[in-house]
Amino acid sequence: LPLPLQGTGALFRIRLAGGSTPCAYLSPQDPRPLCHPAIDRALQLSEAGGPPHVKLTVEWDMSTKERLFGDIQEEVVQDAESVRLQQQAHRQQHSCTLDECFQLYTKEEQLAPDDAWRCPHCKVPQQGTVKLSLWTLPDILIIHLKRFRQVAEHRHKLTTLVRFPLRGLDMAPHVAQRGQAVPPLPPVCPPHLPLCPPAYCCNALDGRWYSYDDSRVEGVQEAEVGTRSAYILFYQRRH
């Protein structure tokens, strides 16, 4: 994207495109210019369909660009082979466990430099950390798996297979009160919602799993319950 630069003396400037921070230019004097809070935020909001990535815009000095490339209205740049391989690897179906989801949810995170808090004693900005913890659990535990990702005005569906236990869910490692034992939680059925994938329910009387659709109910094998469309899990505490 050629733009006239006046009085800078630089051949070009590199700007983070589509970032939340307006005019986020990378410093050419920085030995690691990509280590920037705006880059970190852009990586967290990168679109689905590929590995985490950012878009950079090169703003050329107009006279320098014409001297180096000629009077070209549009340059076509071919992606490197590594880019195609990364995209192909990302498109391969991947999975995770429900336990790994809880580990990420309760993982300690370091705040970005621009979110630092000022110490009331030494008055120096401190780059602190934040951590979420589960203090207690209800008798009926409802887990809502995020199946959509909002990027700007677009929503992308997430199809990651989350492998969850059908019985004996152990929540003890994820609860803050480590001294108290938390009983395993066997599953109860996800509710059926209109225009959604079939709902699966474990019958409390015969212990078998069933699929509930708009017009019929039929038995299913346990192996058919854990699908990529599962997004609401109900677990009941075992007394």
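These questions and answers look at cysteines and salt bridges in a predicted model.

Me: How many disulfides does the structure hold?
Reply: A disulfide needs two cysteine sulfur atoms within 2.5 Å, and the sulfur of Cys101 is 3.8 Å from the closest cysteine sulfur, in Cys96, so that this pair is too far apart for a bond. Cys202 is likewise in no disulfide, since the nearest cysteine sulfur, in Cys201, lies 6.8 Å away. The number of disulfides in the structure is zero.

Me: Is Cys101 buried, partly exposed or exposed?
Reply: A residue counts as buried under 20% relative accessible area and as exposed over 50%, with partly exposed in between. Cys101 has a relative accessible area of 27%, and therefore the class of Cys101 is partly exposed.

Me: How many residues apart are Glu222 and Arg167?
Reply: The side chains of Glu222 and Arg167 meet in a salt bridge, with 2.9 Å from N to O. Glu222 lies in the loop between β15 (217–220) and β16 (232–236), while Arg167 lies in the loop between β11 (161–163) and β12 (187–188), and the pair links distant parts of the chain, the separation being 55 residues.

Conventions: Residues numbered from 1 in each chain as written. Predicted model: local features only at pLDDT ≥ 70, side-chain atom pairs only at ≥ 80, totals over all residues. Heavy atoms only, no water. Buried < 20%, exposed > 50% of the residue type's maximum accessible area, 1.4 Å probe, protein only. Salt bridge = Lys/Arg side-chain N within 4 Å of Asp/Glu carboxyl O. Helix = DSSP H or I, 4+ residues; strand = E, 2+ residues; numbered from the N terminus.
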